[in-house]
Amino acid sequence: MTEGEKTRLIAWSNEMRDVHERLRKALRVTQEAIAAGDPAEPAARDLLLFCHGFCAALTGHHEGEDRELFPAIARSHPELRETIRYLEQDHSMIGHLLGGLQAAVDRAATPEDLGKHLEGIAAIMESHFRFEERKLLSVLETLELEIDPGRVFGPL
């Protein structure tokens, strides 16, 4: 294997780490925006943008994994199919939680209420990311997938 081929292969594991870190940061920024809000007032326009942006980014990331990455891993590593099913279930659960956050944003919930939604999302998201990284990073270092990383991991 040439150095260029090795770099291209390892880039998938690096890309997953990087996008997970960007999503963690987006969540922290959103949580900080909520914490800085006036609890007696409905969410401000900037806060709504943070929430909408975070929801769209996390959803796009999970949809790309479900559509592109997980089928490729299942084909080359059939022993990971159960792990992939578990990760897809996590994606569904996180999607449900994001739907709750979106509903809270749409009804102009207080920053305190939005903060509670984000705390739940943060707990599940972090657990999911750690499990996913523990189970898949070594596989991603050898995965050959000829596709744009943005299509796989979302627009972040």
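Residues are numbered from 1 along each chain as its sequence is written, and side-chain values use heavy atoms, with hydrogens and water left out. Because the model is predicted, local features need pLDDT of at least 70 and side-chain atom pairs count only at pLDDT 80 or more, whereas totals for chains, interfaces and linings use all residues.

Side chains of opposite charge can pair when their charged atoms come close. With a salt bridge taken as a side-chain nitrogen of Lys or Arg within 4 Å of a carboxyl oxygen of Asp or Glu, the count comes to 10 salt bridges. One of them joins Asp113 to Arg107, with an N to O distance of 2.9 Å; Asp113 is partly exposed at 23% relative accessibility, in a scheme where buried means under 20% relative accessible area, exposed over 50% and partly exposed in between (1.4 Å probe, protein chains only). Another salt bridge links Arg22 and Glu15 at 3.6 Å, N to O, where Arg22 is partly exposed with a relative accessible area of 32% and Glu15 is partly exposed at 22%.

Between Lys116 and Glu112, the closest N and O atoms of the salt bridge lie 4.0 Å apart. Both residues are exposed, Lys116 at 53% relative accessibility and Glu112 with a relative accessible area of 53%. The two stand four residues apart in helix 4 (residues 111-140), and are therefore separated by about one helical turn; helices here are DSSP runs of H or I with at least four residues, numbered from the N terminus. Elsewhere, salt bridges that share partners connect Glu21, Arg24, Arg28, Glu126, Arg130 and Glu133 into one network.

Glu68, which is found in helix 2 (residues 45-76), counts as buried at 14% relative accessibility. Its side chain makes a polar contact of 3.3 Å with the side chain of Arg67, a polar contact being a pair of N or O atoms within 3.5 Å, of which, within protein, one must be able to donate a hydrogen and the other to accept it, while residues adjacent in sequence count only if both atoms are side-chain atoms. When neighbours within four places in sequence are left aside, Glu68 is in contact (heavy atoms within 4.5 Å) with Leu145, Ile147, Arg151 and Val152.

Helix 3 (residues 81-106) and helix 4 pack with their axes 10 Å apart and at an angle of about 165°, where axes are lines fitted to C-alpha atoms over the stretch in contact and angles run from 0 to 180 degrees between N-to-C directions. The two helices are therefore roughly antiparallel to each other, a term applied to angles over 145 degrees.

Note on methods: Parallel < 35°, antiparallel > 145°, perpendicular 65-115°, else oblique.
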